[in-house]
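Here is a walk through the salt bridges of one protein model. Keep the structure open as you read.

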Amino acid sequence: FLWGPVVMKRFLLALVLLASPSYAQTIWGGGGGGGLTLPAPIGTYLLLKPMDANGNFWFGDVNTGAAISSGTNNYVLGRMSGAAISTGVEDESFGWVTFRYLTTGNYDSAFGSGALEYNVTGSNDTAFGADALRGNLGNSTSQNSAFGSQAMVAINSSGSGDAFGFNVLNHITAGTQNAGFGQLVMQALTTGSQDAGFGQTVMSGASFNGSQDSGFGTYAMLNATSATYDAAFGWNSLGNITSGSHNSAFGASSGAGATSTTLSYDTFLGYNTTAGSDALTNSTAIGNGATFTVSNQVVIGNSSVASEILNGSVNVVGVISASGTTPTIASGACGATTNGTIAGTDNSGEVTIGAAATTTCTVSFHATLAVAPGSCVVNAANSAAAVQVATVATGVYVTPPTTTQFVINGAVLASTLWEYNCL
């Protein structure tokens, strides 16, 4: 079912008469449809101009589409809507003063009072909602999309982005390549660029102006101000971050501790993962409630975790620190006349072998283990040990550990120091 210009004109006239039957107004005809005058015309409030030879259609007051010259395929409905369009192509507006000052912009769409009102030559913009992409007088921003009342209302010629929801990016001026989806998202952002926010009040702090941030989930990065390169996924994730940078948080309340305001290069994986103090860097917390306490630390799980299982090969560089009781070295077990010493736990530590010649060193666990370690490895920790690793033909090795001990073997072990790790 298709409506021609005459049918459309009569339909719109009927709507006007039904809405305000007491008003007598003039309908200007054209395009072969002829003119129609109602009683007692006042002539300035309503203009209906059926489609002209260039495919333009106007419905509003005498200002609506008044400047059209060579523009084509424009559809303008609303008082003072499209009043300055001259050569624009395929522009569409519905509502009071929608792209009122647009002149030569092409492929723009505006729906809602004040939408795109002050854009002059911008093209490929889409605005749905009162004052969406309204901008400041004389701006010519292009390739933006705004859906929702006040969305990107302050945009100028330098700004760009996509906004979906009430007051989304409503203070953006020169910031570029931003995307906001959800009520009040990034409502204070002005010049920050390349931010993305999805969810109600994401990055909606009163002074947020960061760049290259991503927030997904209600209240994500809620209090951010100048934060950069942060990524938050989950309700209230990184909720207290202010000026920190290069952080990643995944899970509800991840990285949202009260002291997590200026962190950098930290990673939070799991619900309520957090930092024990502020300004920490290069640390990782994994698992429900996991908390790192210093920089350059990785924490897996909270204090309720009873066991951890690592499948496959595990490569260790350095010493694995663990809490527990120190193992023992029996008299004469690591040096016939001057016994060795040990510091650490059953899992890891250091063994110093005595000065007397010996080829073995037996380390006894503090108690019989329920399961023997899969392996124990040693690394040279002083120059004497390093020489043995490099020059002794038979090398230095550890026999397979049992539930009670492991044994270091080598041709010349006297006065050597070894780091050990048992997994």
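What follows goes from pair to pair and then to the network.

The model is predicted: local features need pLDDT of at least 70, side-chain atom pairs count only at pLDDT 80 or more, and totals for chains, interfaces and linings use all residues. Residues are numbered from 1 along each chain as its sequence is written, and side-chain values use heavy atoms, leaving out hydrogens and water.

How many salt bridges does the structure hold? There are four. The term stands for a side-chain nitrogen of Lys or Arg within 4 Å of a carboxyl oxygen of Asp or Glu.

Start with Asp61 and Arg79. Their side chains form a salt bridge, 3.5 Å from N to O. Asp61 sits in the loop between strand E4 (57–60) and strand E5 (75–77), and Arg79 in the loop between E5 and strand E6 (92–94), so the pair ties together parts 18 residues apart in sequence. Strands (E) are DSSP runs of at least two residues, numbered from the N terminus. Asp61 is buried, at 4% relative accessible area. Arg79 is exposed, at 51%. Buried means under 20% relative accessible area and exposed over 50%, with a 1.4 Å probe and protein chains only.

Now turn to Glu117 and Arg134. Their side chains meet in a salt bridge at 2.5 Å, N to O. Glu117 lies in the loop between strand E7 (109–111) and strand E8 (126–128), while Arg134 lies in the loop between E8 and strand E9 (145–147), 17 residues apart. Glu117 is buried, with 2% relative accessibility.

Arg134 also forms a salt bridge with Asp131, with 2.8 Å between the closest N and O atoms. Asp131 is buried at 15%. Salt bridges link Arg100, Glu117, Asp131 and Arg134 in a network.

Key
Helices (H or I, at least four residues) and strands (E, at least two) are DSSP runs, numbered from the N terminus.
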